[in-house]
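Biologist: I'm new to this one. Can you put it up and walk me through some parts?

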Amino acid sequence: MKNRPNILLITSDQQHWNTIGKYFHEVETPNLDRLANEGFFAHRAYCTNPTCTPTRATLLTGQYASRHGAWSLGTKLPEDSLTVSQLLGAAGYDTALIGKAHFQQLRSTPEHPSVESHPLLRDLDYWKNFHGPWYGFDHVELARNHGDEAHAGQHYALWMEEKGLENWKDHFQNRWEEFDYSDGGEENLPQKHSWDLPEEFHTNAWITERSLARIRQNKEEDKPFFLWASYFDPHPPYLVPEPWASMYAPGEITVPQVSPGEHANNPPHLQKTQEKNPDFTALQEACPWNHGCCSHLQDRESLAKDIAVYYGMVSMMDHYIGRLLDGLDEMGLAENTLIVFTSDHGHYYGHHGLNAKGPFHYEDGIRVPFIARWPERIPAGIESVALQSLVDVPVSFLRAAGIRIPPLMQGIDQLPVWCAEKESVRKNVLVEHRHQPTAIHMKTVVDERYKLTVYFERDYGELFDLKTDPAEVNNLWNDPGSQGLKAGLTRQLLFAEMAAEPLSMPRVAVA
């Protein structure tokens, strides 16, 4: 075990790929810049699904959502799933998850019980006694809220109380849809931009402190670790404590905008997002929780303020990631620790006239920042345009640890690319998104130059040339001169699906 690396997975939530200061100078991220300078930076890394639960389950299982089963928000990853944490644990690693999981749904049912559901989230007596095992993790410390959402509770709330913030509920909303968490007081309304929560009680501080405590424990016990430090920002609501909330001036922010007429040839749900009062009735009847199926219109001034706060959230998170990196250095563990930093999916803040997320497969929503550092193996300062997919991360972790890859995992080992032994190992990446076949069910294939999106049982689709049209404003789906290209990419999508088919066991006999 001495030669096996510690493995630290650091994830943000809903972070646009172009919010690393080294490459986009409107944002300050000195610690992520440092991580990139000391390791491998991927310019073309993609999620497998532009929503939280499906991709987070992929990071755990090495499978696409169509295989592992947690295909949408509001679903649950089966608890008997084979996970990278389980396999690393069986090989002698201590395995821990601290921060956001989101492998389960907010509403528990008899058929699909969920510990990440109301009202259990605020049953602190339960969380005092629950730290795992869970999905192969020996130890978990969980929370579910973004900003001041009423989902706040679990281990995060216990930590706030232990740190002396006994009135923590005053800083969070106390109502969520039909669930009533008023606790006998006045209703707490959502806050905007500047959060009254003292910084030392923010989830960034909690995740960093508790991650370092777990790492320190493993060092004392001389045990290798796999730790997932799962940060919540910069996922909306656009809310962060000062001074971060005022760190960026809205008047100095670049505000992405829709190009005139760019949705004229696009699928109808994209066109409707640019209407003031769009009618999504047919989609909502089929699946009432279609994230993003609404009007995305927003005035430029308010959008600029949201973006400024979003950047502040990125910079605050970067500050605490820096503390995490410094802690590894101080403990003498950095040299033999493989670190991967990425995000579960991207984010829209005006791009194509869109906000947040939804059934849209533009680069802004499906590309993610991606950095890998392992001083003993990965040369410093590598920048790569090789295609990366988050389904590859668990496979690459197992390979780094010298563990056999289970045949049910669908990813590709990227370690040779990270270590500059190969230029690339992927011809393309697959991205899925499903809100029931009768609503929106789409699959995308992206190769070195082109992107094709196909919708189940629909005649419309999307085809972009990312070389000549990197902004993705010219949909070539119906272009007469691009039909051969479309046919070829459709074939490539089929081949990519076939290549990803897992085999449950090797063939061991002739008959």
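Biologist: Let's start with Leu 325. Buried or exposed?

Modeller: Leu 325 counts as buried, at 0% relative accessibility. Keep in mind that this is a predicted model.

Biologist: How far apart are Leu 325 and Thr 208?

Modeller: In sequence, 117 residues. In space, 9.7 Å from C-alpha to C-alpha.

Biologist: Switching to the largest nonpolar core. How many residues are in it, and which touch the most other members?

Modeller: The core holds 130 residues. Phe 103, Trp 134 and Phe 370 touch the most other members.

Biologist: What other core lies apart from it?

Modeller: One of 13 residues. Its members include Val 391, Leu 489, Ala 496 and Ala 500.

Biologist: Back to Phe 370. What does Phe 370 touch, not counting residues up to four places away?

Modeller: Quite a list. Among them are Phe 40, Phe 41, Ala 42 and Ala 45. Val 340, Phe 341 and Thr 342 are on the list too, and so is Trp 418.

Biologist: New topic, charges. How many salt bridges does the structure hold?

Modeller: There are 23. Side chains of opposite charge can pair when their charged atoms come close.

Biologist: Which residue does Arg 34 meet in a salt bridge?

Modeller: Glu 38, at 3.7 Å from N to O. Arg 34 is buried, with a relative accessible area of 19%. Glu 38 is partly exposed, at 31%.

Biologist: What about Glu 38 and Arg 373, what is their N to O distance?

Modeller: Their side chains meet in a salt bridge at 2.5 Å. Glu 38 lies in the loop between helix H1 and strand E2, and Arg 373 lies in strand E15, so the pair ties together parts that are 335 residues apart in sequence.

Biologist: Is Arg 373 itself buried or exposed?

Modeller: Buried, with a relative accessible area of 2%.

Biologist: Which residues are linked with these in a network of salt bridges?

Modeller: The network links Arg 34, Glu 38, Asp 326, Asp 329 and Arg 373.

Biologist: And Glu 363 with Arg 367, what is the N to O distance there?

Modeller: It is 3.5 Å, in a salt bridge between their side chains. Both residues, Glu 363 and Arg 367, are buried.

Biologist: Last topic, the open sheet of 4 strands. What order do they have?

Modeller: E18-E19-E20-E21, with antiparallel pairing. Strand E18 (429–435) and strand E21 (461–465) are the edges, and each pairs on one side only.

Biologist: What does the twist average from one strand to the next?

Modeller: The average is 10°.

Biologist: How many bridges join E19 to E20?

Modeller: There are 5, and the two strands run antiparallel. E19 covers residues 440–446, and E20 covers 450–455.

Biologist: Which residue in E20 stands opposite Lys 443?

Modeller: That would be Val 454.

Terms used: Residues are numbered from 1 along each chain as its sequence is written. This is a predicted model: local features need pLDDT of at least 70, side-chain atom pairs count only at pLDDT 80 or more; totals for chains, interfaces and linings use all residues. Side-chain values use heavy atoms; hydrogens and water are left out. A nonpolar core is a set of buried Ala, Val, Leu, Ile, Met, Phe, Trp, Tyr and Cys residues joined through side-chain atoms within 4.5 Å. Buried means under 20% relative accessible area, exposed over 50%, partly exposed in between (1.4 Å probe, protein chains only). Contact means heavy atoms within 4.5 Å. Two strands pair if DSSP finds at least two bridges between them. Axes are lines fitted to C-alpha atoms, for helices over the stretch in contact, and angles run from 0 to 180 degrees between N-to-C directions. A salt bridge is a side-chain nitrogen of Lys or Arg within 4 Å of a carboxyl oxygen of Asp or Glu.
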